[in-house]
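Subject: Structure handover

Hello,

Here is the structure you asked about. Please open it first, then read the notes below it.

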Amino acid sequence: MNDLQPIRTVLGDQIDDLVATEHGYVVLVGHIIDFTSVPELIWVSSRGEVLQKARLPGDPLTDRIRYGALPLRIGPDGLVWSGTHDALLGFGADGQLRRQVALELDSTEKICSFVAQPDGFVVSAFAPGSRRPRAKVLRVSMDGLTRWQTELPVPDDVNHWDGHPKEPLLISGNCVLTSYFDVSGGFGNSFGLNLDDGAVRFKTTPRTLGNLAISGNESFLLGVQGYGRFHTEEIDGAGRC
């Protein structure tokens, strides 16, 4: 039996996210390490060859704060989507920016995560605040127009409640799952919403959030990790184990 030989490609910066395409991978690099430049998308073939690079638009000094750890998504249109804190950016396989979708957010709100849909996007957003932080989920059209938005209940007395940067926004069937947590303590909640109208279906009890995954039609796996605890729960579209 032949040993598998790894294909190694040196990209020169920290890898922040990666998605597989038909012919290889697209990698997001450099939003944390180098504060003199903005992040790049790099297209890599299945043989490890660098095919294209695309620098996310903006000035590295004035716009640096606009970029966070947003995930990469492959849209139904074949574009690779990433974004800034207030807009989603779609890139073609040639590395060119093909679409830019500005969202109807106020100046204090930022995008935490998103999922590309055939008719637009579902987006989780957050507005920090010392007295009243706000978390919400929006469904928007390909033009960025809001079809519905739902504000989620977060504690009034928590100053550091934020969108969990490592937890994806998940959609299975007609159920949207999103998570927010308190960065000072590590505890948070997951919320289930209707995809068609944004109505809240359930809110989990506070927990130390781990990884999330889709396990079936309107069912999800919730990982709980931290404070000496590690286990996984499967819940349905009503939040029941």
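**Aromatic pairs**

Phe126 and Tyr180 are both buried (buried means under 20% relative accessible area, exposed over 50%, partly exposed in between, with a 1.4 Å probe and protein chains only). A word on the source: this is a predicted model, where local features need pLDDT of at least 70, side-chain atom pairs count only at pLDDT 80 or more, and totals for chains, interfaces and linings use all residues. Residues are numbered from 1 along each chain as its sequence is written, and side-chain values use heavy atoms, with hydrogens and water left out.

Rings of Phe, Tyr and Trp (its six-membered ring) pair if their centres lie within 6.5 Å; planes under 30 degrees apart count as stacked, over 60 as edge-to-face and the rest as tilted. By this rule there are three aromatic pairs. One of them is Phe114 with Phe121, an edge-to-face pair with 6.4 Å centre to centre and 70 degrees between the planes. Phe114 and Phe121 are both buried. Phe126 and Tyr180 form a tilted pair, at 6.5 Å centre to centre and 35 degrees between the planes. Why does this pair tie together parts that are 54 residues apart in sequence? Because Phe126 lies in strand β10 (residues 120-127) and Tyr180 in strand β15. Strands here are DSSP runs (E, at least two residues), numbered from the N terminus. Trp81, Phe114 and Phe121 make up one aromatic cluster.

**Strand β15**

Ser179 also sits in strand β15 (residues 175-182). Its relative accessible area is 6%, so Ser179 is buried. The side chain of Ser179 makes a polar contact with the side chain of Ser190, at 2.7 Å. A polar contact is a pair of N or O atoms within 3.5 Å; within protein, one must be able to donate a hydrogen and the other to accept it, and residues adjacent in sequence count only if both atoms are side-chain atoms.

**Strand β3 and its partners**

Strand β3 (residues 40-45) is largely enclosed by the rest of the structure, because five of its six residues are buried. Two strands pair if DSSP finds at least two bridges between them. Strand β2 (residues 24-29) runs antiparallel to β3, joined by six bridges. β3 also pairs with strand β4 (residues 50-55), antiparallel, over five bridges. Glu40 is the bridge partner of Val29, and Glu40 stands opposite Arg55 in β4. The hairpin of β3 and β4 has four residues between the strands, and Gly48 there takes a positive phi near 90 degrees.

Best wishes
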